[in-house]
4 protein chains.
Amino acid sequence: MKIGMLTSGGDCQGLNAALRGVAKTLYNEMGKGVTLYGIRDGYRGLIEGDYHEMKPDDFSDILTLGGTILGTSRQPFKQMQRPEEDSEQTKLDKMLKTVKKAGFDCLVILGGNGTHKTANLLRENGVNVVTLPKTIDNDLWGTELTFGFQSAVNIASEVIDSIHSTAFSHSRVFIVEIMGHKAGWLTLHAGIASGADVIVIPEIPYSAKKIAQAIEKRAKDGKRFSIIAVAEGAVSREEAAMSKKEFKAAREAMPYPSVSYRLAAELKELTGQEIRVTIPGHFQRGGAPCAADRVLSSRFGAAAAELIREGKFGNMVALRDDKIVAVPLSEVAGKLKTVPPDCEIVAQARALGLSMGD
Amino acid sequence: MKIGMLTSGGDCQGLNAALRGVAKTLYNEMGKGVTLYGIRDGYRGLIEGDYHEMKPDDFSDILTLGGTILGTSRQPFKQMQRPEEDSEQTKLDKMLKTVKKAGFDCLVILGGNGTHKTANLLRENGVNVVTLPKTIDNDLWGTELTFGFQSAVNIASEVIDSIHSTAFSHSRVFIVEIMGHKAGWLTLHAGIASGADVIVIPEIPYSAKKIAQAIEKRAKDGKRFSIIAVAEGAVSREEAAMSKKEFKAAREAMPYPSVSYRLAAELKELTGQEIRVTIPGHFQRGGAPCAADRVLSSRFGAAAAELIREGKFGNMVALRDDKIVAVPLSEVAGKLKTVPPDCEIVAQARALGLSMGD
Amino acid sequence: MKIGMLTSGGDCQGLNAALRGVAKTLYNEMGKGVTLYGIRDGYRGLIEGDYHEMKPDDFSDILTLGGTILGTSRQPFKQMQRPEEDSEQTKLDKMLKTVKKAGFDCLVILGGNGTHKTANLLRENGVNVVTLPKTIDNDLWGTELTFGFQSAVNIASEVIDSIHSTAFSHSRVFIVEIMGHKAGWLTLHAGIASGADVIVIPEIPYSAKKIAQAIEKRAKDGKRFSIIAVAEGAVSREEAAMSKKEFKAAREAMPYPSVSYRLAAELKELTGQEIRVTIPGHFQRGGAPCAADRVLSSRFGAAAAELIREGKFGNMVALRDDKIVAVPLSEVAGKLKTVPPDCEIVAQARALGLSMGD
Amino acid sequence: MKIGMLTSGGDCQGLNAALRGVAKTLYNEMGKGVTLYGIRDGYRGLIEGDYHEMKPDDFSDILTLGGTILGTSRQPFKQMQRPEEDSEQTKLDKMLKTVKKAGFDCLVILGGNGTHKTANLLRENGVNVVTLPKTIDNDLWGTELTFGFQSAVNIASEVIDSIHSTAFSHSRVFIVEIMGHKAGWLTLHAGIASGADVIVIPEIPYSAKKIAQAIEKRAKDGKRFSIIAVAEGAVSREEAAMSKKEFKAAREAMPYPSVSYRLAAELKELTGQEIRVTIPGHFQRGGAPCAADRVLSSRFGAAAAELIREGKFGNMVALRDDKIVAVPLSEVAGKLKTVPPDCEIVAQARALGLSMGD
């Protein structure tokens, strides 16, 4: 049995731990019927036939290693530059050709939402696939947790913690922009974990006025500083009321590098105070996975290997109720898990005195 | 409404975050009908009437603070030294007297298994109690997670990670003794997270011979070092077959400071190699809670305050399916949640090539 | 003896540890002739007479606390907004008035370059001052180390480490913008510590072309990614040749939020690759001081208290040869310690194969 | 030119960074006249002729890696087990034979005190050696800093910080045993950095009575807990007065696993309180080097390569005044740098209110 493995989309913590989990579970069979192949740079390598055999030693000492030893690339069908002339169909054909030529009996695919759509396409075209849910955004449908999320929460919380002392010392309002274009899980958890005063997520359109009021209420209570955790995908109430087209136009005309800077300008206008913006950026996605992500990735890897052994293809491994289950790709591909605005944890954040900016 | 709060048993990460969660949820009512009291040093303060009113400011800047601002004491009915002359009944009477005298309408009690037994006793004697599940051991029945656990997993994993480089460099076998007298959750998770080679937990009696074989198998595969994560409550197969009385006698006669040292001696005998023992000890329980524990503690605190508001006493807050629920104290008090030897995560650890020492 | 203490300029790690060092050294005298006063928000509090007596308890548990419990403000004579109408002379007069009115026998002043200029002005006007050198930039003349620097090196290195895994996984070039407007010490140390490939500091004007060559040389050697550590005060060779006025105009016309973005655009033009920019920002200055900074701050604090006892005013405490010495303020005020382009550590960075971008 | 490299003695942080520093500085010459060899497990590999050629790729990604990729072994002339039958002279002869047979033009030796004695012996027998000072104890004569020290200070401080919250919460006295058999630098720095109340180092014999008084003074001041940082090589006043022979006998008869446990028993006797002991052990030596150690190791490595290029053999690289200098091995071999009991930093610790236990 020939197994090809690839990691696709933005890198995150735990990719190597998950690859190792798959491989270690198959160690005893490697060389005795099972051969593992690493496909380079995600779907790019599958399209171009760039892969190589991997041995047990290749998976040594990678449990705590950030990034992915296989390399990755983003959005194969949208922005992939090589080979840029290809149509989507051509790319798919090339992938199928590589699978056939290499004789891959199945593919192990690690990725987020975009990756899962393509994985499902491969499945519909007859390829045996097993997928693992990776993303710091935790926005994949069908699993309680994706790996990467808990590590990113740690980092984002650490950044906000650190900003806390400066905000206090300088009696200032700080905005910390947290990753998350469509889902606010990361901002929500990091904001609660680090005692942010306001949390702004894409799912709950914000009102600059309400945020200004929250800041001013704190000032009245003698708190001379405030910290606002803003997801990069935050939208204002006005924007939420726009059509998709209007929104796109509005954003293109927006004279700020990101929504955080716009909010800073709005709040300066409303409160008369300077507002500082800090953007930890890619820092949130890199480095060693936290312990919880290493456990989760290892378990996902072991479960994926088990699915392959049993021939249960077309599934994503997922966490439910502290158990690893198999969820049909057809059910999860293309579905986003966003924060329900009235969910329990949001209600608890409000109960704790946090403003959700609305 | 007068609310008395106490933290009891060994301290752990997240106690202050949980106290803050309760208080912040009640901020708007404080001074308007709700008064919070801090009872010092757990049940000791309740017995001796040692408590004081607390204001919102007392809960500022404690989200990330390790330990407990209220102080704690261990095992009120067993080893409490002051007042040592008292019988259990006398102590209970004194607690009830304090509750009455102080006019506490309810008690918020944060603790582990021992604490919950006493909390239930108070409940049976007519005291309104709401409890929060705290312990790095994660061995409280009725909740998927206790706070403290995830922080301790991080620290224990960090220690094993660090030992890894020395074990490799010196081609040595290391035993790292992890906290957990009755339950192996912490050792199991930290062991998987840090790539330990052998994991020994109380629930799965170990065979020194099997562990020696695991070490020797690794040596045969060219791995010149091994790391064994051992829960402090580990027992050998021989001990597991003993009566409680025999076991106690055997342990009293054991010429080693802990079971890890005994295992080290056994393995030296069997393999001819020096085995090093490292015991991080209390380091696992102290310091700032990790982000996940801060979120969990805050949510538990908010939920506990909500239960008080609704008059739903006699409950422990618990995590189930990522929701905070109320579990009757009568159902959980005195019940331990240990690792089922055949549970999924143990099976996955074995699949990943780890030895469980059996 | 009445001692007023203030912290001024941007906050950094170790301010509280240093304040504690002063106070702990004087504990036995407090209440017996020595009284400590905290002046709020740096020189702002001195101008406005905003100060309060401090007791030993105020210094408990602040050794590891980030920021400053006294608050701080920036640049009293340039941008201080309150009272904005005042001239520099008026501000100075107000400060002197506060010193007199409060009866301060001496001031302990913690700050960086700007702060030291004002401290020296106070000295010249008859105020007894002792200063402590604080800044993450390590650019104060007269001391080998300032506190804050070593903590910031740790954080900046951690960020670059983390970016490393993403840069590798995506085969990308990353620019990490490190704090430091005039001096490159932080970028230089963090860059070496984290294995950056190119280090760009204000003292060594950069050539985008040379940096592009360094990237391409790495690509030729099979390294598909590169990391460039850029100090925020970096200047190009062209800019270095400009007059101060030309430079200012050029920068005002620069269509990028910072020099890092400009360099990214230049490198994209030269190499054809997308270049990512990450800016950890204030994250570098906040949070707990590292162990070395806590030792240094404590020692500086103890030494400052000793100078006060001995009546040796008009000095800055400084580290030389692992000893704390007193350096006359008149010698250090207004002098910057920048990286000599031909100094040993730069030569060693080059020897290690790093490009300095020139 | 053939260069053999070895790491000897207990591992510590920064060994790999230093090896990388040597190699990266010689990259351009590798394959063009310069060949690097890695000798396995320290002097063991030199005795047995166990070495292999190394290429630039072998030094990739090891800057932050703990331990040593070459492996190490302890005390070649005392406890080395293989080949145990050999006399010291035989071992030396075998080493010289390997050097000759392999054609090593010089050896790069990384190690601590024991290692340097042997290195000097090799030098005296005509071998070209350059050494790098490694040890978490910072007790090598001739250099202000050894690599490993600053990382170990960070870890030991982190452990004491963490114990702090438990000591406070339980109103307990804790002893934390820090590494350091002969020199107290690590305990001294970590103790100051983490706000320990008592610091006990080998250079200043302790009086249990004085320590008990320090604890009781704190109790009188309302501090219900104390933390005592004890170097593993601590000696009591009584022991300090003994002859070497008496001391050895006394220690062999000591019914405690380490001096910390004895001190705990003494303090329990004197104060009536339970005293807890925590021993972080090897945890202090493992894991990634801190940023400062990575810079120092890299600089040492670059300087060592430079010495080789210039043919300046028989030297140890050393840090003095923030410069890397060459110190003749003959001057440093066998010389220990301990803490002068009356040095400045000890005086400052006392000024800060810390007890040195004497």
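Predicted model: local features only at pLDDT ≥ 70, side-chain atom pairs only at ≥ 80, totals over all residues.
Me: Which kind of axis relates chain A to chain C?

Reply: Chain A is superposed on chain C, with an RMSD of 0.0 Å, by a rotation of 180° that carries 0.0 Å of shift along its axis. That relation is the one given by a two-fold axis.

Me: Which residue of chain A comes closest to the rotation axis, and through what do the copies meet?

Reply: The C-alpha of A:Pro280 lies 2.6 Å from the axis, which makes A:Pro280 the residue of chain A that comes closest to the rotation axis. Of the interface residues of chain A, 100% are also interface residues in chain C, so the copies meet through the same surface.

Me: Is A:Asn138 buried or exposed, and which backbone nitrogen does its side chain reach?

Reply: A:Asn138 sits in the loop that runs between strand S5 (129-135) and strand S6 (147-148) of chain A. Its relative accessible area is 4%, and because buried means under 20%, A:Asn138 is buried. Beyond residues up to four places away in sequence, A:Asn138 touches several residues, including A:Phe149, A:Trp185 and A:Lys337. At 2.9 Å, its side chain reaches the backbone nitrogen of A:Thr146.

Me: Is D:Thr278 buried or exposed, and which residues of chain B is D:Thr278 in contact with?

Reply: D:Thr278 belongs to strand S10 (residues 275-278) of chain D, and its relative accessibility of 2% counts as buried. Leaving aside neighbours within four places in sequence, its contacts in chain D are D:Ile163, D:Phe174, D:Ile175, D:Val176 and D:Glu177, while those in chain B are B:Pro280 and B:His282.

Me: Is the packing of H1(B) against H11(B) oblique or roughly parallel, and is their crossing left-handed or right-handed?

Reply: Helix H1 (residues 15-26) and helix H11 (residues 291-309) of chain B pack with their axes 7 Å apart, at an angle of about 45°. That angle makes H1(B) oblique to H11(B). Among the residues that make the contact are B:Ala17, B:Gly21 and B:Thr25 of H1(B), together with B:Ser298, B:Gly301 and B:Ala305 of H11(B). The crossing of H1(B) and H11(B) is right-handed.

Terms used
Residues numbered from 1 in each chain as written. Chains lettered and ligands numbered in written order. Heavy atoms only, no water. Least-squares fit on C-alpha atoms with pLDDT ≥ 70 in both. Contact = heavy atoms within 4.5 Å. Helix = DSSP H or I, 4+ residues; strand = E, 2+ residues; numbered from the N terminus. Buried < 20%, exposed > 50% of the residue type's maximum accessible area, 1.4 Å probe, protein only. Polar contact = N/O pair within 3.5 Å; in protein donor to acceptor, adjacent residues only side chain to side chain. Axes fitted to C-alpha atoms, helices over the stretch in contact; angles between N-to-C directions. Parallel < 35°, antiparallel > 145°, perpendicular 65-115°, else oblique. Left-handed = near helix turned anticlockwise from the far one by under 90°.
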